[in-house]
Amino acid sequence: MFELFLFVVFLNSFTDLGHKIILQNALFKNFDGTEQIIYISIVNSLIILPFILLFTPSGWLGDRFPKNVVIKYAAFAAIIITSLITFSYHQGWFEVAFMLTFILAAQSALYSPAKYGFIKDLETKESVFVHVNNLMDEIKEGNLVSYEVEMGHKGPAAIKVQLSK
């Protein structure tokens with residue numbers, strides 16, 4: 001099951017980054033000068049704006065539903081959205097591709113908080129930050145886990161997190 005989880009995370013990253021690279025390359029190839037600058041500015045706005053607008057709802061989703069479920073549905077949505085974007089490019093519908101870029105960025109914004117969490121130590125009652133990349137097993141809220149702690153950029157972070165045996 002964990003392998004499926006990693007596969008879904010990979011697909012989401014691949015589609016998200018792949019789309020942004022294709023979009024930038026299409027703009028560089030098809031437009032010059034001021035028009036290119038305007039389109040690139042629009043695309044960059046469409047990518048960043050959902051993260052600002054959906055900050056609160058994305059946190060709510062990440063807390064309300066199991067993180068693995070949010071990640072799986074978000075990755076599935078990314079595949080569908082990216083497929084529609086690819087079709088839009090093929091048809092020459094750049095405006096549709098821009099709209100779908102905003103939707104893909106919204107998907108990314110909603111998916112993002114599901115990758116983070118905290119582990120509460122049973123003995124000390126202190127919380128330790130954890131990122132989905134440091135999970136060795138599929139973890140759900142309430143599971144007993146073992147982990148190691150290393151200093152991250154902003155303090156202690158759990159690594160090598162796995163279900164307790």
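**Paired side chains**

Modeller: With 47% relative accessibility, K160 counts as partly exposed; this class lies between buried, under 20% relative accessible area, and exposed, over 50% (1.4 Å probe, protein chains only). The model is predicted: local features need pLDDT of at least 70 and side-chain atom pairs count only at pLDDT 80 or more, while totals for chains, interfaces and linings use all residues. Residues are numbered from 1 along each chain as its sequence is written, and side-chain values use heavy atoms, leaving out hydrogens and water.

K160 forms a salt bridge with E148, their closest N and O atoms being 3.9 Å apart; the term requires a side-chain nitrogen of Lys or Arg within 4 Å of a carboxyl oxygen of Asp or Glu. Because K160 lies in strand β4 (residues 155–163) and E148 in strand β3 (residues 145–152), the pair ties together parts twelve residues apart in sequence. Helices (H or I, at least four residues) and strands (E, at least two) are DSSP runs, numbered from the N terminus. E148, at 43%, is likewise partly exposed. The structure holds one salt bridge.

It also holds four aromatic pairs, in which ring centres of Phe, Tyr or Trp (its six-membered ring) lie within 6.5 Å, with planes under 30 degrees apart stacked, over 60 edge-to-face and the rest tilted. One of them, F31 with F94, is edge-to-face, at 6.1 Å centre to centre and 70 degrees between the planes. F31 sits in the loop between α1 (2–30) and α2, and F94 in helix α5 (residues 94–111), 63 residues apart. F31 is buried at 13%, whereas F94 is partly exposed at 21%. Ring pairs link F31, Y39, Y89 and F94 into a cluster.
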